[in-house]
Structure formats: C-alpha cells, structure tokens
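Trainee: I want to learn how to read strand pairing and ring contacts. Where do we begin?

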Amino acid sequence: MGTLRVVGAAEHNLKSVDAEVPHGALVVVCGVSGSGKTSLAFDTLHAESQRRLPESMSSWVRAQVGQAPRPAYEQMTGLLPSIGVAQRGPGAPGARTTVATAAELYDLFRVLYARAGTLHCPTCGDPVVASTTDGIVRALQAMEEGTALTVLARVATGRVGPLAPLWTELGRQGFLRVRIGADTFLLDEAAPAAPGPVDVDLVVDRLKVGSERRERLQEAVATALKVGRGAMRAEWPGGRSEHATRPRCGRCDRELPPLSPRLFSFNTPVGACRTCQGVGAIVEVDEAALVDPERSLAEGAALPWTEAVRTAMLKWAEKVGIAVDVPWSALGWEARDRLLHGDDRTEGIVALARRRPDERWTRERGCTACGGARLSPEARAVRCAGRTLPDRLVLPVSEVLASLGEVPRTAVTGPVLEELERRLSFLVRVGLDYVSLDRAAASLSGGEWQRLRLGAQIGNQLAGVLYVLDEPTAGLHPDDTARLVGLLEELKAAGNTVLVVEHDPAVLAVADHVIEVGPGAGVQGGAVVFAGTPAALAASGTLTARWWRGEATMPAHARLVPRAFLRAEGLAGRNLHGDVELPLGVLGVVTGPSGAGKSSLVFDTVAPALAGRPGLPLARLSGHEPVVRVVKVDGSPLAKAGRSTVATATRVFDTIRQLFARTPEAKARGFGPERFSTAVAGGRCEACQGEGARRVAMHVLPDVLVPCEVCEGRRFEEATLAVTWKGHSVADVLAGNVHQARSLFGSVPAIAGVLETLDALGLGYLPLGQGVDTLSGGEAQRLKLARELGKPGEVAGALYLLDEPSVGLHPADVAVLVEALRRLVTLGASVLVVEHDPLLVGACDWEVRLGPGAGPRGGGVVYAGPVAPC
C-alpha cells in the first residue's frame, strides 16, 4: 500500500504542516474547533483532488470550469480521486431533493412502477389496462358462437352545432350508420338537429361471433381503433365492453398517460403535480407579517421595502394623500389596502413580497392538491402490489424494505428489487431506518444528510477512492455509532481510503491512523501535534488524549430544579404519543435514540404551538405563561443569499461599514456606508455582484464555484478597496477571522462584544466574510446563539430551543458551550437542548428521555427527571 503525503500545507491557519494518510486505511483527523482539521482534510487534500479532476476531462469541460485555485502546499504525492461527504455546503439539498432522490433510490422506484404497476383511473379508481388489437379480437372471439356483436367507435364527444359536416365526412369514408344515445341513424339520410351537446358513436360493423368470421372481426376492431383514436366499444344483447390500445377509463371516458418512468418524475410536466409543480408545498405571503403596525411608513412599517423603494413609495404616498408619519395601525383601511395591493400604476407591498420571498413574511403550507406527494393525479393512482408510490415512500426506510417482499419477483422486477433492497439496507446500517423516503432532504440534520450520502456512496461500490467525511457521527445516539463504524470499515475493506474529521472516541478507537491538529484554534492551531496509532494517542499528552483518558472534565455546576413545567398533552404527530412535561428555568435536555421523536416533539410540535403556527397535532399545551419569547436555535441556514456572511449575519458589518465611511479618504471621495456593502450596486464588483465567485453549471456534474476573475474574490471594485481603516481594506477585514478582527476592532464596543462572544463559543477561526450557506449545522447554530448572547436585555423569560449544538465540537469546546448556555439560564432564560453527546447531557439539569426505540418503537417518555452526574 502507498501513502498520500502532503508537505508544507499552509491553507488557512495551517503552519506549513507535513502529514501522511496511508492508502487503504481508516484515518481520523481530530482537534479542537478551528484548529485546522477541515483545512487539512477538505480544503487541502480533497480540494486538490477536485482541482485535478478536470484535467482528465475534455477541453470543453476545462474551459467551462476554469482553473480552480490551488491549495497552499509545497508538494503532494500519492493523491487519490476523492469524494467529499460534508454536512452542508455547496452540495446541500435543494427544495426538490428528497431522501429517496438523494439516496439514488427514486429512479429505481420509477422503473419498478413503470414495469410492474397497474394504472387506475384517478376519478373512479377502476383499473385501466391497455390492450392490443389481437388481444381485443381474442377476447371477443371467445364469446359464445353466434352472439350478435356491434363494434362502435366514438367520433364526437359533447358535439355542439350542426351534424351535417360530420355525416358527410363519415359517409365519404364508406360508413353507413352512427348512434346518438340509443338512437341509430343512417348516414345517407339527413342529419338530425342536435338539441345540445351530444356524443356520436360510429357503427363500424354488426356481425355474429364465429370462427369463419374472425378476419371480419379483426378488420372491424382495427378500423374502430383507428377511427376512435385507440379506443372502441363492443356491445351485445345484455352486455358491453370497452377496449383501448392506449390507457383509457371507459367509465369516465378519460385517457391516461402510458406507464413510463417519466410519469413518476416530479421534475417533468407529465409527472409533476399541476398545482405545486412538483415541490409538494406552496409558499404564500402572509399579509399580516408584511408590516409593523407600530411604525409609520417613514419609519419602515413596510418590511419588504428596500431603502430605494421606500424613498420612491413615500413620495408616491404623499402625492396620493396617504399619511407617512402616522403608525400603520392608524391608517384607514382604504389606504392600507392601496399600499398592500397597489393600483394600476404602482406595485403594492404584497406583489413586491412575492418577488422578494423572505422567511419573515412567507409561510409554507403543504399542497392540498397532491397532499405533499409532488406527483400528478395519474401517477398517484398507479398501484404496485396494492400500494401507490406515495403510499410506499411515506413509510420509514425499514418498513419500505419489508414492503418490497409484497412485490412479485419476475424477470423484469427481480433485478430492480434486488438493487432497492441492497441500497435500503445500507440506509438501515447508517442509522437512518426511521427516516421516510418522501421527506425533504433539506429538513435533515447535518449528520443525517451526511450519512444519507454515505449510504448512497457505499451502494455505488467504488474502489480506490479517497472518502473525506466530516463528523459522520453527528446526530447519532452512541448506541447507533457501532453500525456506522462497521460501514466505515466496509468502505476501507473495499479498497478505499477513508479520511474522517471526528471527535467520537468510538471512531478514534478503531482508526488505523490518527492525526491531531492543534494545539489551539485559529492562530493558536494549525500544527500537527500528533500522528500515529490510537494506542499511541491515548498515551500522549495532547488535549484530545487528556479528554480521552478522563483527565480533563466538564466544569462542575450546581444542579438546578425547574421552576415550572411546560406540559404538552395528547401528542399524536408522527411517532409521538402520550403526554410530556418540559422543564423551564433550567438547562434541560431531550435525549433518546435516533428517530425516537426528539426533533418532532421540540421543533415540530411544541415550537409551532408556542408561536401559534400549524405544527404536529397535540390536544393541549399548558404552563406556557412564563415564556415570553421562543428562540429556535437550530442548524438551518441563516440566509439564502450568496452575499450573506458571518459579518452580516451577526450585524457587525453595519458598524464596520460606518467606520470605513467616516475615514478621511471615504469622505474625500464622497463614499457613504452603502459604498462598502455587497448587497447594493455602487461599490461592489458587478461582475459577481459582490459574491466573490461565480457558479458554473456542469450539467451532469455538480456545480462548481470559481473565484470571480474581475475582483479575484475580493467582492469590491478598486476604488472601494482603496479606502482603508487602520491599514486594512474592507476586503481585508472580511478575509480575516474573528480572532484577527478582535484585535483590530477591540476599541469599538459595538463590534468587540459580538466578536468576543463568537470567540467564546469556539468560532474564533471563522473568517468574517465566509458565506453563512457554507457553515456546518453546528456552526450556524452557535452563530445564532452568539447573536442572542449579544442582546442580554431580551434574554429573561425566553425559551431557547437548540438542536444538537455540540455537533462538530471537541470536548474542550463543549465545555465552553455549556458555560454559554449556563449564562443564558443565569440571565433568566430557559434552555432546552436536543442532544446525544454524553458530555453535554451530563452537564444539564433535567432530562426528558424518549424511546425506547426509533420510529414506531419510540415516541414516548421513558424517563423524566434530574440528569445523573457525569
């Protein structure tokens, strides 16, 4: 076996380090948050592999991608083609991505239902089977000999107007009779007057069943199908039958699309729901959330208005006689209606909000037409072994796997079923047996998303690949970690090299090689402080080794007793059942196996109920009087715009822009704060619109981000960059991390306090200009927490709901996080954490444990009381 060797790696905070990754081994990179683990694993090794990938492709692809920047290193040998499986980032799922599509299962289900499904009419539910001409003839010929048959073809449905032109056309083709209802008319006679819409059937032939008349029957059937555009009807005394070579419901006279994989794709017009266009949900504007009733128009009552729009609209309002200096609530209903909906010449607030969707004023509801299934009525009506495709996908992975046994195995379905079972079993083994296949992938936690992609990669059965994983145990209960470790070993056994950024002792213990980066974070890190076997690490003196041996522990705290309880009764959403009491006034934790219902309880039931929004059903919520504000601090992205950064998300960039605008150079040039914004034109680079990079669509490959060739990733034009504050341009400030910004802005209270909080939460290594859409779930969560700690006057009476805040944290960082959460409780807040990490759980005051298992085996409270000391 060879070795991947890098010499002089200096990306981000790495200090010209040398490292070796043995081929065919399971290698773990550990260290405190911000020490440089990701810089080494992802930003150096994986990035260089991805940079070299286009060199093996055509010149057209290389021209489209451009030359990606080379990571900072001196020499690299033994590099393998790599696959990076991160928690979030550029590969994060979109609105149309589901668990089934991300796991590469959905295409297999489409093929299965196209080959083994049975069409049913969406209107009446009758099965619809397309026939062949020979099949129809055989069915009619099998009737009792001598039976009088009439073969008919529908030539007009709901015909309005004169029938004479139709009579003439059919007579010219040699036909003799037509039927309207129960009446038969000869075509050589005058056409009757139609009193209203009528259905006209052509009598193609009248004959008796018999062996000597088979050729005549076959000719009649073929003619009827041709005239009837693939459909015909046969009648005999006391009976009738409908036949079609194209799927058609005889009872409803409704033609259906033929079975094909395209019919089950919600990304195509034929398969997608006509109402939601295959998204499964509809985004609506909440008019009540568009305005602040206590503000006037001049004070910014209309939330969707930008500064430029507000200036123009204030002039318009004064012109039409609408007061701009009184609160919105004091305006008359006519004025409010005109502002909201506009007029023939002016766009209203509602129309503007639809063009600028924002979570502050939009509400997402499930599509009532498809019930969230995303598919057209025709696709939803197809059944395979008694189940429709939405019926099957709504089940948890483990139940879908069991349900495949219902499908008959034939030469057509056998290979598809085997591949489905193989891939589903991988999802079970990575601990995702409780996840339903129709669930939106964007709703998964970072750890779940990563394990989903990991299960798909194992299903691809590649060899000779470098897999780079970022905290794959994130969100896993310790009892489920063993299954994940087994999959990592399986990847290795297949001939791959597995490089894992991880803190979990269970993964460290089975590694073949461990690299610890440190000793601290940011400028205090960036060095390889240990490289060797797990046994050698345990005997060393590094920070990780001391926590592993139990020498470093969590700081002791007095256990607090809840001052009240939030009681939720009659839980009935997903797998939840029974009642639960959640503690207030303490640091509480909700624990249980993966899939036990923790997030469903806290974030999908209690949080919406407290906010007065639709959520999972419950009978009654009581004891919420002490809660004056609910703050959901989860790992969801902070913003969708590519220009949103750590600086803008924490709102320190507003103050930074004002500082730059006050410099003599800015005043001499006439630059205001807006000149240093990436959100508006004027000072930003217009080639990339202030994003610093452009996204290249690669069609069959993932999109590629390449630095803007005009500003070289600096986001601003040259005149803007010429203005400096203490020798730093605005691009320099955004390129620096929180540690560096603290020394630069230490004398500015409005900035220093926020940066200090970020540093205390272990985020000192984040560059101020890093896009928030590239943060991991744990980083995004701690960034939101820092914003809350930055406004202590609003903490008392608040209920903070956190979703696995320890994700991505070294044990030493968990201790820092606990101190921050304790600080919230000291200020009068209640904190409720959904968590698996034993260190964080042990530091809490009160535990609510759900279980005992996952999915249908969970959902109930198995323990509620004080947390046992660590």
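Mentor: With strand pairing. Two strands pair if DSSP finds at least two bridges between them. Keep in mind that this is a predicted model.

Trainee: Which residue in β10 is the bridge partner of Val178?

Mentor: Phe185 is that partner. Val178 also has a bridge partner in β11, namely Leu202.

Trainee: In what sense do β9 and β10 pair, and over how many bridges?

Mentor: Strand β9, residues 177-180, pairs with β10 in the antiparallel sense. There are four bridges. β9 also pairs with strand β11, residues 198-208. That pairing is antiparallel too, again over four bridges.

Trainee: How many residues lie between the strands in the hairpin of β9 and β10?

Mentor: Two. Gly181, in this hairpin, takes a positive phi near 65°.

Trainee: Now the rings. How do I classify a pair?

Mentor: Take the centre distance, then the angle between planes. Centres within 6.5 Å make a pair. Planes under 30 degrees apart count as stacked, over 60 as edge-to-face, and the rest as tilted. By this rule there are seven aromatic pairs.

Trainee: Why is the pair of Tyr106 and Phe266 tilted?

Mentor: Their planes stand at 45°, so the pair is tilted. The ring centres are 5.2 Å apart. This pair links distant parts of the chain, 160 residues apart. Tyr106 lies in helix α4, residues 106-116. Phe266 lies in the loop between β15 (254-255) and β16 (281-285).

Trainee: Are Tyr106 and Phe266 buried or exposed?

Mentor: Both Tyr106 and Phe266 are buried. Next, an edge-to-face case: Trp167 and Phe185, with 65° between the planes and 6.4 Å centre to centre.

Trainee: Which parts does the pair of Trp167 and Phe185 tie together?

Mentor: Trp167 is in helix α6 (residues 164-172) and Phe185 is in strand β10 (residues 183-186), so the pair ties together parts 18 residues apart in sequence. Phe185 is also the bridge partner of Val178 you asked about.

Trainee: What are the relative accessible areas of Trp167 and Phe185?

Mentor: Trp167 has 3%, so Trp167 is buried. Phe185 has 22%, so Phe185 is partly exposed. The cut-off for buried is under 20%.

Trainee: Which charged end sits over the ring of Phe266?

Mentor: That of Arg374, 5.2 Å from the ring centre. Likewise, the charged end of Arg675 sits over the ring of Phe671, 4.1 Å from its centre. Phe671 also belongs to a cluster: ring pairs link Phe660, Phe671 and Phe676.

Technical notes
Residues numbered from 1 in each chain as written. Predicted model: local features only at pLDDT ≥ 70, side-chain atom pairs only at ≥ 80, totals over all residues. Heavy atoms only, no water. Phe/Tyr/Trp six-rings, centres within 6.5 Å; stacked < 30°, edge-to-face > 60°. Buried < 20%, exposed > 50% of the residue type's maximum accessible area, 1.4 Å probe, protein only. Lys NZ or Arg CZ within 6 Å of the ring centre and 35° of its normal.
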